[in-house]
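Let's take a walk through this structure together. Have a look at the chain below before reading on.

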Amino acid sequence: EPGEDPWMAALVVDERYASNPFIGLICGASFISPDTVVTAAHCVEGTSPSDVDIVVGSINLLPAEVERLAVRNIRVHPGRRGGSDLYDVAAIQLVVPPSVPVTPIDLVAPADAPLWEPGDTARFTGWGVDERGQPISRLQEAEAPIVADPYCNARYGDFFRCRTMLCVGDLGP
């Protein structure tokens, strides 16, 4: 529902698709402060701040009354190596914060509390594609259980790195 995910934003190609951010959609992003979002590093590798915008203000990108925000800086995790799944995170700083209300994700947990436990429910939001591979213009959400690291290690071997990855979903037999 509108307003349910006030930290969500869309990373879009700048200007060429100004009238239709849905066509220029690259990836989702999440606010971590009033003027900074995080996204996957693979979404911004090889781009400069002038190549992209952050779009906020609507859960539907087509047609949408959205606010387009210019990007001041893109910082990719220093451990990131192209083609790897490791450290696939980037911070994007905006020129100015949005005028529409956004609520950054609360990244602070009590020192003695784990961030999650196996069996907890993970919630995902994003635009993505449908089951036929067609792009979706309305923000979607899904939930899946968090899986214990040993099960993911057994299933995925060296492809799963428990220090930098979270395993969710039904692993099946």
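**A guided look at the fold**

Start inside, with Ala-29: its relative accessibility is 2%, so it counts as buried (buried means under 20% relative accessible area, exposed over 50% and partly exposed in between, with a 1.4 Å probe and protein chains only). You'll find Ala-29 in strand β2. Setting aside neighbours within four places in sequence, Ala-29 is in contact with Trp-7, Met-8, Ala-9, Val-37, Val-38 and Thr-39, where contact means heavy atoms within 4.5 Å. Ala-154, on the other hand, is 125 residues away from Ala-29 in sequence and 31 Å away in space, C-alpha to C-alpha.

A quick word on what you're looking at. This is a predicted model, in which local features need pLDDT of at least 70, side-chain atom pairs count only at pLDDT 80 or more, and totals for chains, interfaces and linings use all residues. Residues are numbered from 1 along each chain as its sequence is written, and side-chain values use heavy atoms, with hydrogens and water left out.

Now zoom out. Along its principal axes, the C-alpha trace spans about 45 × 35 × 35 Å. Buried residues make up 34% of the 173. Among contacts between residues at least 6 apart in sequence, 55% join residues at least 24 apart.

What holds the middle of the picture? The largest nonpolar core has 19 residues, and those with the most contacts inside it are Ala-9, Leu-11, Val-37, Val-44, Ile-54 and Ile-92. (A nonpolar core is a set of buried Ala, Val, Leu, Ile, Met, Phe, Trp, Tyr and Cys residues joined through side-chain atoms within 4.5 Å.) At least two residues of this core come from each of β1 (8-13), β2 (25-33), β4 (52-56), β5 (67-76) and β6 (90-94). A second, separate core has nine residues, including Val-12, Val-55, Ile-59 and Leu-61.

Cys-43 sits in the loop between β3 (36-39) and β4, and at 9% relative accessibility it counts as buried. Not counting residues up to four places away in sequence, Cys-43 touches Leu-11, Ile-26 and Cys-27.

Leaving out residues up to four places away in sequence, Asp-5 touches Arg-123, Thr-125, Leu-139 and Glu-141.

One last stop is Tyr-87, in the loop between β5 and β6. Most residues other than glycine have a negative phi. Phi of Tyr-87, though, is near 55°, a positive value. Tyr-87 is partly exposed, with a relative accessible area of 36%.

Key
Helix = DSSP H or I, 4+ residues; strand = E, 2+ residues; numbered from the N terminus.
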